[in-house]
Each structure stands twice: as C-alpha cells, then as structure tokens.
Amino acid sequence: MEATVTTANSEEKTWGGGNEPMGASYGKLMMWFFIVSDALTFSGFLAAYGFSRFKFIETWPLADEVFTHFPFMHGVSAPMYYVALMTFILIFSSVTMVLAVDAGHQMKKNKVVIYMFLTIIGGLIFVGSQAWEWKNFIKGEYGAIETKGGSLLQFVDKEGHRVALADFAATLPEEREQLTRNKGKWFMNESSLPSYSVAEVQAGFKAHPDLLIRTEVITKEKHKTILSREESELRLSQASYVVEGANLTRNEYGSKLFADFFFFITGFHGFHVFSGVIINIIIFFNVLIGTYEKRKSYEMVEKVGLYWHFVDLVWVFVFTVFYLV
Amino acid sequence: MSHEHVSNTGRIWKVFGILSAVTIIEVYLGILKPDFLHMNSFLSMNLLNWIFYALTIFKAYYIVWAFMHMEGEKSTLRSAVVFPVIFLILYLLFILLTEGNYIYEVFKNSTIKWNF
C-alpha cells in the first residue's frame, strides 16, 4: 500500500516537498511526466500538420467544406455543429471526472461511482461520434477527379454549389474488371474501382453545359477558384483518376496529406480516448468493490482523472487546428 | 493527500461554464467568419486565427489549472511540467512552420512543382 499512496508526510524539505518530491506522490508525479511526453508527441503531430499545411498553403482544403454532416439531417450543410457537439460531450465528461475526483477527496464512494459511470458513458459517446465522423469522411459526398499532375478537380454548378459525380456522370457501355488476387499474374490486386470511369465523367461533363470545375487553389477571398467553362474542359481532358471518399492514398477533399493527417491525428486521439475509457472502467470496478475505501485514499481516481483531462486538453487543440483554423 | 478536502464543485461548474462559453464563441466565429477578422492579418496570420489560438490557450489554461488541479500543486511541479512543454512546443513550431513556408516558396518560385 505504501507503494501506491504515500501517507507519511514529513516536513523536511526535499525539493520543497518533504519526502515526496514536488509534493506529489510517486504515481501522480509519473502520470504528470507521462502527460508531458504525450503532450510533446501530439505537438509533434500537430506541428507536422502545420508543416504540410504551410507547404501547400494555397491549396489546402477548407475545413468547413469538408465536415458538414450532422446526424439525421441528410443533405443539410451543417459545418462545425457536430464537432462542437463532440467537444461539449468531452468537456462534460471531463467535468464529471473532476466531480468524481472531488467526491473521492471526501471519501463519498457512491458519488464517485455515479460520476465515474457518467464519465465512461461520455467517453463512449465521444468515441462513437468520432467513428461516425470517420465514416462520413471515408465515404465522401461528391467525388472528384485527379489530374495527371496530381491536383484535384471538383464540380460545381453555375451558383458555385457542389455537384456530385452521381448527378451527371454518363453511363457508357464499358466494363472494366477489378483485378483481384486470384486473377493476377503475380501477387497483384487493386482497390475497388470507383463507381464511374474517367471517360464517363468526361462524357457527363460534356453533356451538362452548366457545370464548372473548381480547383484546389484558394483565392484572395479565401474561396476555392472556379474555372470558366473553356478552362474547365481543358483541365478535365487531363483527368486520370476518379476519387470517391477518402483513404490514405487519395481523398476527394484536396491535398492527399490532408486525409493522412486527419486519420492519423484524430485516430491517435481516438485511441487515447478509447484507452482512457478502458482505464476508467477498471478504476470504476475498483471503486465498486471498495479497493480505495480500504486504502483510505481515492488517489487512483485522481490519477486516471489526470489522464482523462489530458485527452480533453488534446482535443481542444485538435478541434482548433483541424476544424477552426 | 496534503490538499485540504473542501468541496470544489462550485468552481468546477463555473469552469465548465467558461469552457462552454468559449467553445460557443469559437463555433459562432468559425461559422460566421466575419470579414474584418478573416481578411485582415497580423504577423502573416489572419486575426480570426489569432483569436482561435488565443481562446484555445485560454481553454487549455482552465483545463490544466482547474480540472487537472495544477493550481493546487507545488510551484516546482508546475514549473517542471509547464515550462519544458511550452519551450519545446514553441521551438518545434518555429522550426517546422518556417521550413514548411520555405518549401512552399521553393514550389512556387522554382521549377520544382511536386516531389514529395
């Protein structure tokens, strides 16, 4: 027990904290230092995101055109609302966590149980929301064309509203078989083919004279550039690939790195939330069976609380960097 | 523990109120994107983004100080945790953002258009 909670507090000054350096128990101190190193890891990721974004500053996707979904509101463009909701859920679960810590200080077991339970529920809702966000991101909404040079073309109507490939692509009597492992000459296969071929998109574009192409380049007014009809036709003749949704190689939103960073950073954060929920569940059961009641200290709740708040702290930055700026 | 065991619930709810209010302001500004903030820049970043980063740091301060109870820790622990993080992050950001901008200029002004 002495290993987990130090109760003897001498007044001798060792680093100004008696026999506990810096006035914190061993476990708490180590949790703080873990948090420092984890914070630096996340900073590394976010700084790398900044690096890539600065590299392609003129063509980076605009966040409020990417994250526009809200549950049960299909087809309505609702930028930011969903992620704001997720932020609230996480902040609220942070509040219930700190209330659990507070109740632990007063040795009120039942209150700790209730608040820990609410925290776990909040965490699960958050992870679920993130999964839904990923689903929409991967599925995509409009589709786009990649040119031979690697830039991305999206389609808009005369008013500048986005148009999905499905709304105009022609159906040509052509069939291309997907290369699967059992038909390949060697250990070869390819990812599933897009719903439309490049030729079908080009034919469909020709048949709809009111369609225009939007490039990745951001104008002075901080919108994406919309080309004239002639320029659009010229650019489309260089098309090489139909992009639908997002994966680690391509995405229909713009810069290829954008999706990579989105998956990696929100995925790493989501993994932290997930492991936080697991740790919370373990501690929750420890509280239930009275481990900390016997130990006469709820410091363990405080330590997982630190981790949980850290996850919330990281989300505050991810929210700003990915969705606001 | 050495902390006095008084209940802090009042402060917790107050901080929750502050964090929620700040988030609402952020979302509101993020949706509206007022032109006078979005189109004017200061030190090559537009004012809106400055506000977003300032509010983020403001929120981070409240999460660390109130929720993680940094305000109740010894000043040595506070310094040991906060200063290395701030220093290293500023250093990292300076290096990477400067270099990112440099590569942008290379792509823009030289014949190299796309290499990685």
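Two residues are in contact here if their C-beta atoms, placed from the backbone, lie within 7 Å. The model on screen is predicted.

**Stop 1: helix α1 of chain A**

Select residues 26-55 of chain A, which form α1(A). The helix has 30 residues, and at 1.5 Å a residue these should span 44 Å; the end C-alpha atoms are 43 Å apart, so the two values agree. Now colour the buried positions of α1(A), which include A:Lys28, A:Met31, A:Trp32 and A:Ile35. Further along α1(A), A:Leu46, A:Ala47, A:Tyr49, A:Phe51, A:Ser52, A:Arg53 and A:Lys55 are buried as well. What covers the buried residues of α1(A)? Show α8 (256-288) and α10 of chain A, then α4 (75-109) of chain B: these are among the elements that cover them.

**Stop 2: where the two chains touch**

Show both chains. The contact between them involves 46 residues of chain A and 46 residues of chain B. On the chain A side, the elements that give two or more residues are α1 (26-55), α3 (81-105) and α10 (299-324). Which of them gives the most? It is α1(A), with 13 residues. Coloured by class, this side of chain A shows 26 nonpolar, 15 polar and five charged residues.

**Stop 3: α10(A) against α3(B)**

Select α10(A) together with helix α3 of chain B, residues 47-67. The axes of the two helices lie 10 Å apart, at an angle of about 175°. Because of that angle, α10(A) runs roughly antiparallel to α3(B). To see the contact, display A:His309, A:Asp312, A:Leu313, A:Val316, A:Phe317, A:Thr320 and A:Leu324 from α10(A).

Step just past the end of α3(B) to B:His69, which takes a positive phi of about 55°.

**Stop 4: the nonpolar cores**

Return to chain A and select A:Val83, A:Ala100, A:Val112, A:Met116 and A:Val301. Within the largest nonpolar core, which has 78 residues, these five touch the most other members. The element that gives the most to this core is α10(A), with 17 residues. Centre on A:Val112: leaving out residues up to four places away in sequence, it touches A:Ala100, A:Ala103, A:Gly104, A:Val287, A:Tyr298 and A:Val301. Then move to a second, separate core of 16 residues, whose members include A:Ile145, A:Tyr196, A:Val201 and A:Leu236.

**Stop 5: strand β2 of chain A**

Select A:Phe155, in strand β2 (residues 152-156) of chain A. Is A:Phe155 buried or exposed? It counts as buried, because 26 C-beta neighbours lie inside 10 Å. Apart from residues up to four places away in sequence, A:Phe155 touches A:Val163, A:Leu211 and A:Ile213. Draw a distance from A:Phe155 to A:Thr291: the two are 136 residues apart along the chain, and their C-alpha atoms are separated by 61 Å.

**Stop 6: A:Ile281**

For another pair, go to A:Ile281 in helix α8 of chain A. With 16 other C-beta atoms within 10 Å, A:Ile281 is partly exposed.

**Stop 7: two lysines with positive phi**

Most residues other than glycine have a negative phi. Select A:Lys222, in the loop between β3 (212-218) and β4 (224-226) of chain A. A:Lys222 is not a glycine, yet has a positive phi of about 60°. It counts as exposed, because it has 12 C-beta neighbours inside 10 Å.

End on B:Lys33, in the loop between α1 and α2 of chain B. Phi of B:Lys33 is near 45°, again a positive value in a residue other than glycine. With 14 C-beta neighbours inside 10 Å, B:Lys33 counts as partly exposed.

Technical notes: Residues numbered from 1 in each chain as written. Chains lettered and ligands numbered in written order. Predicted model: local features only at pLDDT ≥ 70, side-chain atom pairs only at ≥ 80, totals over all residues. Helix = DSSP H or I, 4+ residues; strand = E, 2+ residues; numbered from the N terminus. Nonpolar A, V, L, I, M, F, W, Y, C, P; charged D, E, K, R; others polar. Core = buried A, V, L, I, M, F, W, Y, C linked by C-beta atoms within 7 Å. Buried ≥ 20, exposed ≤ 12 C-beta atoms within 10 Å, placed from the backbone. Axes fitted to C-alpha atoms, helices over the stretch in contact; angles between N-to-C directions. Parallel < 35°, antiparallel > 145°, perpendicular 65-115°, else oblique. Expected span 1.5 Å × (residues − 1).
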